[in-house]
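Subject: Structure for you to look at

Dear colleague,

I am passing on the structure below, and I would be glad if you could look through it alongside the notes that follow.

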Amino acid sequence: MVAELKHEISQTAYIKLVLHALKHKTTAVNGVLLGRVNPQNDTVVEITDSVPLFHSNLALLPPLEIALIMIEEHYGSKGLGIVGYFHANERFDDAELGIVAKNIGDHICRYFPQAAVFLLDNKKLEALPNGKDQSPVMQLYIRDASKNWKLAGPDGGNRLVIKEPAANVVLSDYISSEKWQDVVDFDDHLDDIKMDWLNPELFK
Amino acid sequence: MVSKTEETQLNRLENQVDNGGGGAWEYLCLARKLKVRRPEKVLKYGLSILNDSKKRSALGPEEWTLYEQVAIAAMDCQCLDVAKDCIKVLRKKFPESKRVGRLEGMLLEAKGLWGEAEKAYSSLSEDNPLDQVIHKRRVAMAKAQGNISAAIEWLNKYLEIFMADHDAWRELAEIYVSLQMYKQAAFCYEELILSQPTVPLYHLAYADVLYTLGGLENLQTAKKYYASTIDLTGGKNTRALLGICLCTSAIGQVQKAGTKKTRRVQSCSLWQQKPWRKITKRELMINMACLLVF
């Protein structure tokens, strides 16, 4: 894809996904990112919101299909589409993009070719409370010309930015106040439909 | 596997203790009984009882079970000093115990000393080759080191001996699903359904796996198992209801695609097919309406 494509993720979308990963520390989790190409600058993909999806059996199709249908239905009316996929591995020292993540990424690319996959960087997350690092605790994977997922290299540091620079500070605060308990994902919704996967009250 | 009522009860107790209303011991007993994994709470409440000598002596012989429970929770939270202290106390009380030996093995695992943990478990299992927990620890170690194929091997060996262990079959099924080995996962769920035909969650999981495998036959069978889940849960399971809608649409799509296509193409994984995108909200509503009628 275009070499200089930049992904700008909003604080809400970013924090929601990381908190979701922290809520389910013992399993892999995933989520989708919603947004659109910046109408003024088509080398920038704006990610405005995210929906945490599952924390169990990520590789099963029925819940994924239902989730994607409902998400597209809801956000389509706002002019937003699915522009990326987020994945957090089960183990701390597993920094590889697994096959399930690649497959779902490929699927999303079919409808939004500039889609990227974001993998939670556990080591960066661990170092979060200590440092003043403003970069997101995620790794960006982009599809190259031969349709393989490649990690955007160290020079890709400006390819993934958080819109609000103080996002990591806010995230650290939320982590210390255990805000992750309030995150509702699609799994929770399917277990109890009263729980709202849109998380409207999360950051109020 | 925990039912909704049990989970609500556990959460209620948790809130009660958090707000100072007491009931820590009831919570710990319930957590132990249901085998749930809530290490932070167990550690907090457990230590509050163990560090208070009056509460500790009120427990009587249950004190040692609590030490074990807190040790495991501490290891889960990476509070290895607390775990070490608990295990020391237990070792002093039960010097020859194999159960304490297992805990020591787990502590080695928690420290990441895989080789030594394996040695400890081997020597324990020499004296008792039919110790289920040690077999399971081996699977857990393989999984923790990222060696999933070894985990599958150990788990299969375990199931050859203990084929009635439902949790193990479920664990194996989930590992297979995470590796996208759906046929093998289906086999595991078939074993579970055969041994416990009235547990709806196995029917649901089996249906999910069949749907993921794709192909007309699998979709039709998946629909039947979603239906049996609905039957067993009195229609209260959202996943099964939605599953039937998905199956109906998918079967319609596959049949519309024409019978000229070879069977192999039809059973091509649904990852490759577009149909899901074309399912409109209206179609979903129609399917749900049909469902409510039947």
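To begin in chain B, Tyr45(B) is buried, with a relative accessible area of 3%, where buried means under 20% relative accessible area, exposed over 50% and partly exposed in between, with a 1.4 Å probe and protein chains only. Please keep in mind that this is a predicted model, in which local features need pLDDT of at least 70 and side-chain atom pairs count only at pLDDT 80 or more, while totals for chains, interfaces and linings use all residues. Residues are numbered from 1 along each chain as its sequence is written, chains are lettered from A and ligands numbered from 1 in the order in which they are written, and side-chain values use heavy atoms, with hydrogens and water left out.

Over all chains the structure holds nine aromatic pairs; rings of Phe, Tyr and Trp (its six-membered ring) pair if their centres lie within 6.5 Å, and planes under 30 degrees apart count as stacked, over 60 as edge-to-face and the rest as tilted. One of these is the tilted pair of Phe186(A) and Trp197(A), with 5.2 Å centre to centre and 40° between the planes. This pair links distant parts of the chain, since Phe186(A) is in helix H6 (residues 186-191) of chain A and Trp197(A) in the segment after H6, 11 residues apart; helices (H or I, at least four residues) and strands (E, at least two) are DSSP runs, numbered from the N terminus. Phe186(A) is buried at a relative accessible area of 0%, and Trp197(A) also counts as buried, at 6%.

Tyr45(B) has a ring partner in Tyr27(B), and the two form an edge-to-face pair at 5.1 Å centre to centre with 80° between the planes. Tyr27(B) lies in helix H2 (residues 24-34) of chain B and Tyr45(B) in helix H3 (residues 39-50), so the pair ties together parts that are 18 residues apart in sequence.

Turning to the strands of chain A, eight of the nine residues of S3 (residues 44-52) are buried, so this strand is largely enclosed by the rest of the structure. Strand S2 (residues 29-37) of chain A pairs with S3(A) in the antiparallel sense over seven bridges, two strands being paired if DSSP finds at least two bridges between them. Within that pairing, Leu33(A) stands opposite Ser50(A), and a hairpin of six residues joins S2(A) to S3(A). Strand S1 (residues 6-9) of chain A pairs with S3(A) in the parallel sense, over four bridges.

With best wishes
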